[in-house]
Amino acid sequence: MTALSALIRRDIQIALRVGGGALIGVLFFLTVVVLMPFALGPDLALLSRLGPAILWLGALLASLLTLDRLFMADHEDGSLDLIVMSRTPLELACAAKALAHWLAAGLPLIVATPALGLLLNLDATATSAVALTLLAGTPALTFTGMIGAALAVTLHRGGLLLAVLVLPLSIPVLIFGVAASQAAITEQLPFGTPFSILCALSLVSLVIGPFAAAASLRHGLD
Amino acid sequence: MTLIDLANPTRFLKLTARILPWLAGLTAVLLLIGLYQAAMAPDDYQQGATVKIMFVHVPNAWLAMFVWGVMSLAALGTLVWRHPLADVAAKAAAPIGAAFTFLALVTGSLWGRPMWGTYWEWDARLTSVLILFLMYLGLIALWRAVEDPSRAARAAAILTLVGALNLPIIKFSVDWWNTLHQPASVMRMGGSSLDRAFLIPLLVMAVAFSLLFVTLHLAAMRNEILRRRVRSLQLMQVAQASQRSA
Amino acid sequence: MSLGPYASFITISYVLVAAVVLILIGWVAIDYRRQKARLRELEASGVTRRSGRGVADTR
């Protein structure tokens, strides 16, 4: 247990330092959300209707960008080999890294959501709905994204390939995340249905992600 | 002959050399029969003659998924049993599967224009096939990104299996998303209540295309084995040359 | 055989399918010839396989 908690603490500390992934992810999120009105026009009604979708897309892209740091930095300085060879099961180590990544890079996105919701003219219900669905859905993004990060770790310019591999896997999360947000706002459909599916997706990814990532790392690094 | 016998590449090459001509011939015959039947099929009372597009669209759509299934089996062969030809089978199938998926998309779009009035429609089926196409392209990119074929094989195997697990989830999500955004019902394309006049040409074409896939796949596997031989010989050539000059 | 008002859609579909299938067949055939040619070149330049068999041996 202590090995894993040490791993988590280390990853969070690295991410929060300068050059780490945490705050740059939020900055990217902000940039994407600010970019949207320039493309869509400043019509507040339109923006508030598209708000949940814009926030979800921004969060998805931001988490995608920070994903390649998950294993790349460790691979470059050799600590990934140490982690693979250590006594802790690689699956748990991957899960620990993903958890640390979510805490350092995913949570700040959720914290930033209310401020960004204001930019998009979303009211309090809408913003809290989006924040809640992001809370439930970003673990799925991180844990499935980890699979792509593990597959691409040994490639030198694997960043874009990683995105291409991970995006089809994140489509279901996006669909249900936005649907749940809309359900909370317009109430045409019970919030529970898409939200519980979203939670289910996250729970499934918590299991499959580490296993697939560990298998990729083992096979990719020998 | 068991699967283990087929593990020997030379024996596999022997076998393909023998059966490939027959497979190719049978495929050609079935395709011709299917085309004739498609031409002779009556017009649908709703769609008119455009129902004939179904005879090429549905087999390609079905193959798009079937090939991913074949690659998934090959992926298991690589990861679990380490069957020597599993890598080869997986790599050879990917571009062929991608081509069929592309055809499914294009024929689906051309079928959709007369029916829905637009070339593209974000309905559940077309959208799922589009995502599948993206996944094929990503897989092919992964195969090409890694130098060493056996390492590429293992990475591709994992991605194939994760994709296979994800396909039902994607299909379900897109279905759900579609009913959410399109309350109007979309015409059901060819359910099991197909009239026999349409069902028979469809089945013949489906079998013909499946045989086409098997033929192309075996031929592509043969090429891949030869390509790996070339690679190992080139490496040996470099090694021998550097030994001589050493 | 009258193909109705959307005849061009039907013909384009079939033509496209035929074209892609022919491209696939062509790719497989050309690749085969290319690999065989390379194997012949390599054998001519004196490289031998571990098993001592001919490089282009498929028998």
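Visitor: In which helix of chain B is the place of B:Leu226?

Guide: B:Leu226 lies in helix 6 of chain B, a helix being a DSSP run of H or I at least four residues long and a strand a run of E at least two long, both numbered from the N terminus. This is a predicted model, in which local features need pLDDT of at least 70 and side-chain atom pairs count only at pLDDT 80 or more, while totals for chains, interfaces and linings use all residues. Residues are numbered from 1 along each chain as its sequence is written, and chains are lettered from A and ligands numbered from 1 in the order in which they are written.

Visitor: How many residues of chain B and of chain C does the contact take?

Guide: Chain B contributes 33 residues and chain C 27 residues. On the side of chain B that touches chain C, the elements giving two or more residues are helix 1 (9–40), helix 3 (84–116) and helix 6 (196–245) of chain B, and helix 6 of chain B has the largest share, 14 residues. By class, that side of chain B has 20 nonpolar, seven polar and six charged residues, where Ala, Val, Leu, Ile, Met, Phe, Trp, Tyr, Cys and Pro count as nonpolar, Asp, Glu, Lys and Arg as charged, and the others, Gly among them, as polar.

Visitor: Which chains share the most contacts, of the two pairs of chains in contact?

Guide: Chains B and C do. In the pair formed by chains A and B, 19 residues of chain A are in contact with 21 residues of chain B. Helix 8 of chain A provides ten residues, the largest share of the side of chain A that touches chain B, and the residues of that side divide into 16 nonpolar, three polar and no charged. Chain A and chain C are joined by no contact, and their closest C-alpha atoms lie 25 Å apart.

Visitor: What makes helix 8 of chain A roughly antiparallel to helix 9 of chain A?

Guide: These two helices pack at an angle of about 150°, with their axes 8 Å apart, the axes being lines fitted to C-alpha atoms over the stretch in contact and the angle running from 0 to 180 degrees between N-to-C directions. Angles over 145 degrees count as roughly antiparallel, under 35 as roughly parallel, 65 to 115 as roughly perpendicular and the rest as oblique, so helix 8 of chain A is roughly antiparallel to helix 9 of chain A. The residues that meet include A:Phe176 and A:Ala180 in helix 8 of chain A and A:Leu198 in helix 9 of chain A, and the contact divides into eleven nonpolar residues, one polar and no charged.

Visitor: How do you know that helix 3 of chain B and helix 4 of chain B are roughly antiparallel?

Guide: Helix 3 of chain B and helix 4 (residues 124–145) of chain B pack at about 150°, with axes 9 Å apart, and they are therefore roughly antiparallel to each other. Their contact includes B:Phe102 of helix 3 and B:Tyr136 of helix 4, and by class it has 16 nonpolar, three polar and one charged residues.

Visitor: Why is helix 3 of chain B called roughly perpendicular to helix 5 of chain B?

Guide: The axes of helix 3 of chain B and helix 5 (residues 149–181) of chain B come within 10 Å and cross at roughly 65°, which makes the pair roughly perpendicular. Among the residues making this contact are B:Asp87, B:Ala90 and B:Lys91 of helix 3 of chain B, and the contact divides into five nonpolar, two polar and two charged residues. B:Ala90 also touches residues including B:Met71, B:Ala74 and B:Thr78.

Key
Contact = placed C-beta atoms within 7 Å. Lists of a residue's contacts leave out its neighbours within four places in sequence.
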